[in-house]
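Take a look at the fold below before reading on. The report then works through its parts.

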Amino acid sequence: MAEKPLMIVGIDESEESIYALKWVLNNFFTNYTPNYPFNLFLLHAKPTPSSAIGFGGPVIAGAPEILPYVDADLKHNAARVIQKAKELCKSKGVDDVRVEVVEGDARNVLCDAVDKHHASMLVVGSHGYGAIKRAVLGSVSDYCAHNAHCSVMIVKRPKLKH
């Protein structure tokens, strides 16, 4: 029997990421129990401590001493993100899921994982930034759509009507 294609879902602490994971579970996994069309792989890109502090690096006196504390906080955050995602999968009856935390910029981590694991699909959430915010902050989904060597699904949360 042929191996199922691999779907990588990029996860972080954002509501958009959680919405994308819920969407994937509801549309690709829940209705197919137990014959899912994909193997599910959840991936969290943990920022490096120096990138979390800022582009210029630490400028305060004694900054190198705070890096271990920043790193510990980032690891704690990554564990929380993974735990929440695993609980969400379990609540939908999806127990066969791989998870991984990789340090680095999310754009590179996701695209590298696609190549490394020969993924067939990459799923990311969209923050819905406008052109200016996207230009300043960068867009992980846009970068992945142009650089990942597989199909990329960008899941958007519905806009709330006032």
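**Overall fold.** This is a predicted model. The chain has 162 residues, and 37% of them count as buried. Six helices and five strands make up its secondary structure. Along the sequence they follow the pattern β-α-β-α-α-β-α-β-α-α-β.

The five strands form an open sheet with parallel pairing. Their order is β3-β2-β1-β4-β5. Strands β3 (97-103) and β5 stand at the edges. Each has a single partner strand, so one side of each is left without a neighbour in the sheet. From one strand to the next, the twist averages 25°. At the β5 end, β4 and β5 pair in the parallel sense over six bridges. Valine 123 stands opposite methionine 153 of β5. Helix α6 lies across β4 and β5 and runs at about 160° to β5.

**The cores.** In soluble globular proteins, nonpolar side chains tend to be buried together. Here the largest nonpolar core holds 25 residues. Met7, Val9, Leu21, Phe29, Leu40 and Leu42 touch the most other members. Elements that each supply at least two residues of this core are β1 (6-10), α1 (15-29), β2 (39-46), α3 (63-91), β4 (121-126) and β5 (151-156). Helix α1 gives the most, with seven residues. Leucine 21 touches Val9, Ile11, Leu42, Ala85, Leu88 and Cys89, leaving out residues up to four places away in sequence. A second, separate core has 16 residues, including Ile8, Val109, Leu110 and Val124.

**Helix α4 against helix α6.** Two packed helices are described by the angle between their axes and the distance between the axes. How do α4 and α6 cross? The axes of α4 (residues 106-117) and α6 (residues 140-147) come within 9 Å and cross at roughly 35°. The crossing is right-handed. From α4, the contact uses Ala106, Arg107, Asn108, Leu110 and Cys111. From α6, it uses Val140, Tyr143, Cys144 and Asn147. These contact residues divide into six nonpolar, two polar and one charged.

| Residue | Helix | Relative accessible area | Contacts beyond four places in sequence |
|---|---|---|---|
| Serine 17 | α1 | 4% | Gly10, Ile11 and Asp12 |
| Aspartate 71 | α3 | 17% | Lys46, Pro49 and Glu103 |

Is aspartate 71 buried or exposed? Aspartate 71 is buried, because its relative accessible area of 17% falls under the 20% cut-off. Serine 17 also counts as buried, at 4% relative accessibility. Which distance separates the C-alpha atoms of serine 17 and valine 155? The two atoms are 8.5 Å apart, although 138 residues separate serine 17 and valine 155 along the chain.

Definitions and conventions
Residues are numbered from 1 along each chain as its sequence is written. This is a predicted model: local features need pLDDT of at least 70, side-chain atom pairs count only at pLDDT 80 or more; totals for chains, interfaces and linings use all residues. Side-chain values use heavy atoms; hydrogens and water are left out. A nonpolar core is a set of buried Ala, Val, Leu, Ile, Met, Phe, Trp, Tyr and Cys residues joined through side-chain atoms within 4.5 Å. Buried means under 20% relative accessible area, exposed over 50%, partly exposed in between (1.4 Å probe, protein chains only). Contact means heavy atoms within 4.5 Å. Axes are lines fitted to C-alpha atoms, for helices over the stretch in contact, and angles run from 0 to 180 degrees between N-to-C directions. A crossing is left-handed if the near helix is turned anticlockwise from the far one by less than a right angle, and right-handed if clockwise. Ala, Val, Leu, Ile, Met, Phe, Trp, Tyr, Cys and Pro count as nonpolar, Asp, Glu, Lys and Arg as charged, and the others, Gly among them, as polar. Two strands pair if DSSP finds at least two bridges between them.
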